[in-house]
Amino acid sequence: MDAEMVLQEDDMESSWTLLSWVASCLMVFGGALPYLPQYQEIQSSGNTKGFSTRVCLVLLIANILRIFFWIGKQFELTLLLQSVVMILTMFAMLHLCCTVQNTNRVSTKQHRLSDLDFQYFWKWSAFEDYLFSSFGFTVLCAVVTLLLLDSAVFVEMLGSLAVMFEAMLGLPQLLQNFHNRSTKGMRNEISSIKSGQQEGKTPLATSVQTSVAAPSHLRTWAYSVALKVPA
């Protein structure tokens with residue numbers, strides 16, 4: 001009888017371990033999954049008009065800040081890995097956008113970071129410019145974090161800024177759709193899956209002593225508006 005109970009307990013423990021591992025994997029890769037259909041849409045249509053590259057900018061800033069927040073105040077490792085995966089996903093999206101735009105470009109005019117033209121900020125023709133800008137921002141964050149790491153206020157501010165930028169995620173797409181007067185080329189999966197995914201980020205919001213409900217509602221509202229811009 002005791003042997004059977006021990007076996008049952010072992011089975012339950014193994015089941016919970018498996019469930020925990022699956023849940024962690026879903027959290028790590030769940031944020032990037034909505035961009036897979038968008039990636040395929042851009043690749044098959046050869047058109048990036050419906051997707052705002054500034055969505056990538058917002059997510060890169062938010063996740064880079066989150067990584068530096070983790071250095072100052074460790075939270076769940078799963079959320080840290082999620083940030084790394086999201087950063088790689090955004091670079092993949094930017095690389096695809098640059099490739100498609102350069103393939104379809106009729107004019108020989110290239111928009112580069114070195115032009116210092118604010119009108120084309122984060123709408124550059126070369127993927128290297130996005131890498132260089134992200135690297136520059138990361139180095140700046142690293143230097144400031146190194147100098148102020150002992151300040152609890154600064155560390156909390158990093159986490160709050162990361163949450164704030166994520167809450168603004170729908171804004172670039174809203175402006176893009178408003179400019180295009182259309183939502184053509186934007187996948188609905190991005191709004192539906194990303195909005196439902198927010199519950200998994202509660203530990204981060206708790207770590208920065210910020211309610212996740214407000215940013216989550218803001219993001220859901222922004223995506224809803226972005227999807228309803230009339231064609």
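Is Asp-129 buried or exposed? At 7% relative accessibility, Asp-129 counts as buried, the cut-offs being under 20% relative accessible area for buried, over 50% for exposed and anything in between for partly exposed (1.4 Å probe, protein chains only). The model is a predicted one, with local features needing pLDDT of at least 70 and side-chain atom pairs counting only at pLDDT 80 or more, while totals for chains, interfaces and linings use all residues. Residues are numbered from 1 along each chain as its sequence is written, and side-chain values use heavy atoms, with hydrogens and water left out.

Asp-129 has a partner: Arg-112 forms a salt bridge with it, the closest N and O atoms being 2.7 Å apart. A salt bridge here is a side-chain nitrogen of Lys or Arg within 4 Å of a carboxyl oxygen of Asp or Glu. The pair links distant parts of the chain, 17 residues apart, with Arg-112 in the loop between α4 and α5 and Asp-129 in helix α5. Helices are DSSP runs (H or I, at least four residues), numbered from the N terminus.

The structure holds 3 salt bridges. Another of them joins the side chains of Arg-66 and Glu-166, at 3.3 Å from N to O. Arg-66 sits in helix α3 and Glu-166 in helix α6 (residues 152–167), so this pair ties together parts that are 100 residues apart in sequence. Arg-66 is buried, with a relative accessible area of 1%, and Glu-166 is buried too, at 6%. Then there is Glu-156 with Lys-73, whose side chains meet at 2.7 Å, N to O. Here Glu-156 belongs to helix α6 and Lys-73 to the loop between α3 and α4 (77–104), so the parts tied together are 83 residues apart in sequence. Lys-73 is partly exposed, with a relative accessible area of 28%.

Now for the helix packing. The axes of α3 (residues 53–72) and α5 (residues 127–148) come within 11 Å and cross at roughly 25°, axes being lines fitted to C-alpha atoms over the stretch in contact, with angles from 0 to 180 degrees between N-to-C directions. That makes α3 roughly parallel to α5, a label for angles under 35 degrees. The contact (heavy atoms within 4.5 Å) involves residues including Leu-60, Ile-64 and Phe-68 of α3 and Tyr-130, Phe-137 and Cys-141 of α5. By type, the contact residues divide into 9 nonpolar, 4 polar and no charged, with Asp, Glu, Lys and Arg counting as charged.

Note on methods
Helices (H or I, at least four residues) and strands (E, at least two) are DSSP runs, numbered from the N terminus. Angles under 35 degrees count as roughly parallel, over 145 as roughly antiparallel, 65 to 115 as roughly perpendicular and the rest as oblique.
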